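Dear colleague,

Please find below the structure I promised to pass on, with its sequence. My notes on what was found in it follow directly after.

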Amino acid sequence: MQIQSSRLGTDGSSFKLLGRQDRAALEAFFLSLDFDQRRNYFGGSLSNLAIAEFCRTIDWTCTRIIASCTLDRLDGMAVLAYSPSNSETVELSMAYSGCRACP
């Protein structure tokens, strides 16, 4: 998997706005989270099957996902999802897998 981005940091990292075509990378990111990380992000532990279903049912017209990534994987993201009924309520959630080595 190669994640395309126009701006790479000196460590090979970049930010990318994800779309429907990035579902496999998004699912791989969520599957890489350990029990506690899944519980913190989702409010409870989710099975691998539940994570796949979650990724499959994202409403991309109401959701923006900005991912931190290296050349071959996502390592963190900020998710903005708004309620289409009134477009005034936005939910922000963030997750970080901890897979990048910090200096």
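The protein has three helices and four strands, and from the N terminus on these elements run in the order β-α-α-α-β-β-β. Please bear in mind while reading that this is a predicted model. Of the 103 residues in the protein, buried ones make up 35%, and the accessible surface comes to about 6600 Å², of which 54% belongs to carbon and sulfur atoms. Among the contacts with a separation of 6 or more, 51% are accounted for by residues 24 or more positions apart.

Much of what I have to report concerns helix α1, residues 23–32. In α1, the residues Ala25, Leu26, Glu27, Phe29 and Phe30 are buried, and the buried residues of this helix pack against β1 (14–18), α2 (35–42), α3, β2, β3 and β4 (90–96).

The packing of α1 with α3 (residues 48–56) was examined separately: the two helices pack at an angle of about 145°, with their axes 10 Å apart, and their crossing is right-handed. On the α1 side, Arg23, Leu26, Glu27, Phe30 and Leu31 take part, and they meet Asn48, Ile51, Ala52, Phe54, Cys55 and Arg56 in α3. The residues of this contact divide into seven nonpolar, one polar and three charged.

Turning to the interior, nonpolar side chains in soluble globular proteins tend to be buried together. The largest nonpolar core here has 19 residues, of which Leu18, Leu26, Phe29, Phe30, Ile65, Leu74 and Met77 touch the most other members. At least two residues of this core are supplied by each of α1, α3, β2 (63–69) and β3 (74–82), and the largest share, four residues, comes from α1.

Finally, a word on Gly98, which is found in the segment after β4. Is Gly98 buried, exposed or partly exposed? Because its relative accessible area is 45%, Gly98 counts as partly exposed, given that buried means under 20% and exposed over 50%. Leaving aside neighbours within four places in sequence, Gly98 is in contact with Gln37 and Asp75. Gly98 and Ser32 lie 66 residues apart in sequence and 9.9 Å apart in space, C-alpha to C-alpha.

With best wishes

Notes: Residues are numbered from 1 along each chain as its sequence is written. This is a predicted model: local features need pLDDT of at least 70, side-chain atom pairs count only at pLDDT 80 or more; totals for chains, interfaces and linings use all residues. Side-chain values use heavy atoms; hydrogens and water are left out. Axes are lines fitted to C-alpha atoms, for helices over the stretch in contact, and angles run from 0 to 180 degrees between N-to-C directions. A crossing is left-handed if the near helix is turned anticlockwise from the far one by less than a right angle, and right-handed if clockwise. Contact means heavy atoms within 4.5 Å. Ala, Val, Leu, Ile, Met, Phe, Trp, Tyr, Cys and Pro count as nonpolar, Asp, Glu, Lys and Arg as charged, and the others, Gly among them, as polar. A nonpolar core is a set of buried Ala, Val, Leu, Ile, Met, Phe, Trp, Tyr and Cys residues joined through side-chain atoms within 4.5 Å. Buried means under 20% relative accessible area, exposed over 50%, partly exposed in between (1.4 Å probe, protein chains only). Accessible areas come from the Shrake-Rupley method with a 1.4 Å probe; for residues, only the protein chains shown count as cover.
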